[in-house]
Amino acid sequence: MSSRVVLVTGAARGLGAVIAARFHAAGYCVALGDIAIEAANVVARELSAAGSSAFALKLDVTSKQDFVDARDAIVARWGRIDALVNNAGASKVVPVMDITAEQFDQVIDVNLRSVLFGCQVFGRHFANQREGRIVNIASLAGQNGGSATGAHYAAAKGGAITLTKVFARDLAASGVTVNAISPGPLDLPIVHESVPAEKLAAVIANIPAGRLGAADYIADAAVLLASGNAYFANGACWDINGGLYMR
Ligand SMILES: NC(=O)c1ccc[n+]([C@@H]2O[C@H](COP(=O)([O-])OP(=O)(O)OC[C@H]3O[C@@H](n4cnc5c(N)ncnc54)[C@H](O)[C@@H]3O)[C@@H](O)[C@H]2O)c1
């Protein structure tokens with residue numbers, strides 16, 4: 001197997017599906033991890049009907065064992081793994097004063113425990129092979145508290161940026177890099193589904209670029225950070241938000 005190999009979590013739809021497609025177009029073999037296995041299978045088959053260069057696997061990112069099983073399944077199939085993109089995420093907007101313990105734990109689990117477990121399992125594997133790339137998909141909400149996302153989500157994404165730096169430092173001497181990408185609001189189904197049209201228009205009006213971000217561009221950034229040449233980018237948080245962070 002000479003192609004590089006990547007695992008993208010949350011790849012059944014949205015940004016993860018776009019990232020998976022971009023890696024595939026760049027010549028990678030792509031494993032698509034998601035709890036929505038049927039939808040992930042559809043995306044994988046669109047990339048590689050026979051499964052030779054893309055396949056879906058059931059992965060719940062809140063489970064460390066699932067990351068271990070995913071790593072083993074990928075190595076068994078393709079004999080190697082070069083990069084992990086921790087993309088899976090979810091939120092439900094609840095006013096900060098009303099967030100229950102259960103809601104808080106759920107959102108922290110999917111958006112933050114996932115990064116901890118992914119970086120632990122794949123970081124160790126990459127350190128052993130003295131090479132590897134981890135890209136964590138954070139969010140502008142993790143830097144500015146967010147407005148249409150939920151405080152628990154914003155706190156989790158801020159934590160993901162912090163974990164990125166901690167793992168980057170821990171793994172740097174082993175030839176492994178860990179970086180975050182922090183997107184602003186993207187032109188993706190979840191944004192249109194979850195943000196009321198009036199509120200979305202106000203969000204867009206506040207973006208200096210004057211429009212939502214393209215998922216393709218985030219995916220290109222992930223491919224760049226995952227490349228072998230990107231050894232000097234480490235512990236970084238790449239802000240891609242149309243200038244919204246300046247507001
Ligand atoms: N959409 C945006 O504007 C935006 C902006 C900034 C950051 N992000 C981040 O980008 C990432 C992708 O977001 P999206 O907009 O594509 O969301 P989405 O809801 O469309 O897709 C999320 C995917 O993650 C999967 N998923 C959810 N829980 C999971 C779990 N426990 N284990 C495995 N997979 C799980 C879902 O099945 C789905 O396929 C998230 O981390 C999100 O926080 C999105």
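**Figure 1. Gly-235 in the loop between α9 and β7.** In this predicted model, Gly-235 belongs to the loop that runs between α9 (215–226) and β7. Gly-235 counts as buried, because its relative accessibility is 18% and the limit for a buried residue is under 20%. A second residue to look for in this view is Leu-163, which is 72 residues from Gly-235 along the chain, while the C-alpha atoms of the two are separated by 9.1 Å.

**Figure 2. Leu-244 in the segment after β7.** The strand β7 covers residues 237–240, and Leu-244 is found in the segment that comes after this strand. Leu-244 has a relative accessibility of 12% and therefore counts as buried. Asn-234 is 10 residues away from Leu-244 along the chain, and the distance between the C-alpha atoms of these two residues is 24 Å.

Figure 3. The ligand is surrounded by 27 residues, and the closest of them are Arg-13, Leu-15, Asp-34, Asn-87 and Tyr-153. When the residues of this shell are sorted by class, 17 are nonpolar, six are polar and four are charged. Which side chains place an N or O atom 2.7 Å or 2.6 Å from an oxygen atom of the ligand? For the distance of 2.7 Å, the N or O atom belongs to the side chain of Arg-13, and for the distance of 2.6 Å, the N or O atom belongs to the side chain of Asp-34. Leu-186 takes part through its backbone, with an N or O atom that lies 2.8 Å from an oxygen atom of the ligand. The ligand taken alone exposes 830 Å², and 90% of that area is buried by the protein. Three elements, namely α1 (14–25), α6 (151–171) and α7 (189–194), each give two or more residues to the shell around the ligand.

**Figure 4. Ala-156 in helix α6.** Ala-156 has its place in helix α6. Ala-156 counts as buried because its relative accessibility is 0%. In the sequence Ala-156 and Val-61 are 95 residues apart, and in space their C-alpha atoms are 14 Å apart.

**Figure 5. The largest cavity and its lining.** The structure holds one cavity of 30 Å³ or more, and the volume of the largest cavity is about 50 Å³. The residues that line this cavity are Thr-9, Val-61, Asn-86, Asn-87, Ala-88, Asn-111, Ser-114, Val-115, Ile-137 and Lys-157. Sorted by class, the lining of the largest cavity consists of four nonpolar residues, five polar residues and one charged residue. Which element gives the most to this lining? It is α4, which contributes three residues to the lining of the largest cavity.

**Figure 6. Asn-111 in helix α4.** Asn-111, one of the residues that line the largest cavity, has its place in helix α4, which covers residues 101–128. Is Asn-111 buried or exposed? Its relative accessibility is 1%, and so Asn-111 counts as buried. A polar atom of the Asn-111 side chain lies 2.8 Å from the backbone oxygen of Val-107.

**Figure 7. Loops on either side of α4.** Asp-98 is found in the loop between β4 (83–86) and α4. Asp-98 is classed as partly exposed because its relative accessible area is 48%. Trp-78 is 20 residues from Asp-98 in sequence, and the two residues are 47 Å apart in space, taken from C-alpha to C-alpha. Arg-130 is found in the loop between α4 and β5 (132–137). With a relative accessible area of 54%, Arg-130 is exposed, since the limit for an exposed residue is over 50%. The phi angle of Arg-130 is near 60 degrees, which is a positive value in a residue other than glycine.

**Figure 8. The second largest pocket.** The volume of the second largest pocket is about 210 Å³. Its lining is made up of 15 residues, and those that lie nearest the centre of the pocket are Arg-211, Leu-212, Gly-213, Ala-214 and Gly-242. By class, the lining of the second largest pocket divides into nine nonpolar, four polar and two charged residues.

Methods. Residues are numbered from 1 along each chain as its sequence is written. This is a predicted model: local features need pLDDT of at least 70, side-chain atom pairs count only at pLDDT 80 or more; totals for chains, interfaces and linings use all residues. Side-chain values use heavy atoms; hydrogens and water are left out. A residue is near a molecule or strand if one of its heavy atoms lies within 4 Å of it. A polar contact is a pair of N or O atoms within 3.5 Å; within protein, one must be able to donate a hydrogen and the other to accept it, and residues adjacent in sequence count only if both atoms are side-chain atoms. Accessible areas come from the Shrake-Rupley method with a 1.4 Å probe; for residues, only the protein chains shown count as cover. Helices (H or I, at least four residues) and strands (E, at least two) are DSSP runs, numbered from the N terminus. Ala, Val, Leu, Ile, Met, Phe, Trp, Tyr, Cys and Pro count as nonpolar, Asp, Glu, Lys and Arg as charged, and the others, Gly among them, as polar. On a 1 Å grid over the protein atoms alone, a cavity is a set of points where a 1.4 Å probe fits but cannot get out, and a pocket is an open set with protein on both sides within 12 Å along at least five of seven lines; lining residues have an atom within 4 Å of a point. Grid points are joined across faces, edges and corners, and a volume is the space filled by probe spheres set on the points. Buried means under 20% relative accessible area, exposed over 50%, partly exposed in between (1.4 Å probe, protein chains only).
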